[in-house]
Amino acid sequence: MPARFGSNIAAVVVGLLIPMHITWQFNQGGHWFEYEKTRSRGELLMATAVPFLFHGCWDSGLDLIAYFFGMEGSTAAQAAGGVLLVAMLALGIVYTVRTLKKVRTAARST
């Protein structure tokens, strides 16, 4: 059984490159602010339920990467883990940059 992704240096590197927890909090706070102004159910859903869904998918992806990398003797599985790692890093960086730009724009406008 492979080691959990959170028990090695790769988790630290991913956590430093892509600060997903703070990014989710920025988004959640923005949606909560909009909900308070509009009382929109869609904003309430985006502020409460969606971050849990994103968090679960992110953690599951990291666990899959560790599982694939831990499959010794299966180059196809390890390659799949590498592809998934690169895809998650790319998506995480894009998500983080877009969120930080959105937060900066909102901060400047107030």
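This is a predicted model: local features need pLDDT of at least 70, side-chain atom pairs count only at pLDDT 80 or more; totals for chains, interfaces and linings use all residues.
**Stop 1: the core.** Begin by selecting Val14, Ile18, Met20, Trp24, Trp58, Leu62, Ile65 and Met88, the 8 residues of the largest nonpolar core. Colour helices α2 (20-38) and α3 (41-69) as well, as these are the elements that give two or more residues to this core. The largest share, 3 residues, comes from α3. As background, nonpolar side chains tend to be buried together in soluble globular proteins.

**Stop 2: around Trp24.** Stay with one of the core residues, Trp24. Which residues does tryptophan 24 touch, leaving aside those up to four places away in sequence? Show Phe54, His55, Trp58 and Tyr95, and you have the set. Of these, Trp58 is also a member of the core.

Stop 3: Now switch to a surface view and select Ile22, Phe26 and Leu100, which make a nonpolar patch of about 250 Å². Isoleucine 22 belongs to helix α2. Its relative accessibility is 39%, so isoleucine 22 counts as partly exposed.

**Stop 4: the salt bridges.** How many salt bridges does a search of the whole structure find? There are 2 to look at.

- Pick glutamate 34 and lysine 37: their closest N and O atoms are 3.4 Å apart. The two residues are separated by about one helical turn because they sit 3 residues apart in helix α2. Glutamate 34 is partly exposed at 28% relative accessibility, while lysine 37 is exposed at 55%.
- Then pick arginine 39 and glutamate 36, where the closest N and O atoms are 3.7 Å apart. Glutamate 36 has a relative accessible area of 39% and is partly exposed.

**Stop 5: the aromatic pairs.** Select tryptophan 32 and tyrosine 35, a tilted pair with 5.1 Å from centre to centre and 45° between the planes. These residues are 3 apart in helix α2, which means about one helical turn separates them. Is tyrosine 35 buried or exposed? At 14% relative accessibility, tyrosine 35 counts as buried, whereas tryptophan 32 is partly exposed at 37%.

Finish with tyrosine 67 and phenylalanine 68, whose ring centres are 6.2 Å apart with planes at 55°, so this pair is tilted. Tyrosine 67 is partly exposed, with a relative accessible area of 40%; phenylalanine 68 is partly exposed too, at 22%.

Methods. Residues are numbered from 1 along each chain as its sequence is written. Side-chain values use heavy atoms; hydrogens and water are left out. A nonpolar core is a set of buried Ala, Val, Leu, Ile, Met, Phe, Trp, Tyr and Cys residues joined through side-chain atoms within 4.5 Å. Buried means under 20% relative accessible area, exposed over 50%, partly exposed in between (1.4 Å probe, protein chains only). Helices (H or I, at least four residues) and strands (E, at least two) are DSSP runs, numbered from the N terminus. Contact means heavy atoms within 4.5 Å. Patches are made of residues with over 30% relative accessible area and no salt bridge: like charges are joined within 9 Å, nonpolar side chains (Val, Leu, Ile, Met, Phe, Trp, Tyr) within 5 Å. Accessible areas come from the Shrake-Rupley method with a 1.4 Å probe; for residues, only the protein chains shown count as cover. A salt bridge is a side-chain nitrogen of Lys or Arg within 4 Å of a carboxyl oxygen of Asp or Glu. Rings of Phe, Tyr and Trp (its six-membered ring) pair if their centres lie within 6.5 Å; planes under 30 degrees apart count as stacked, over 60 as edge-to-face and the rest as tilted.
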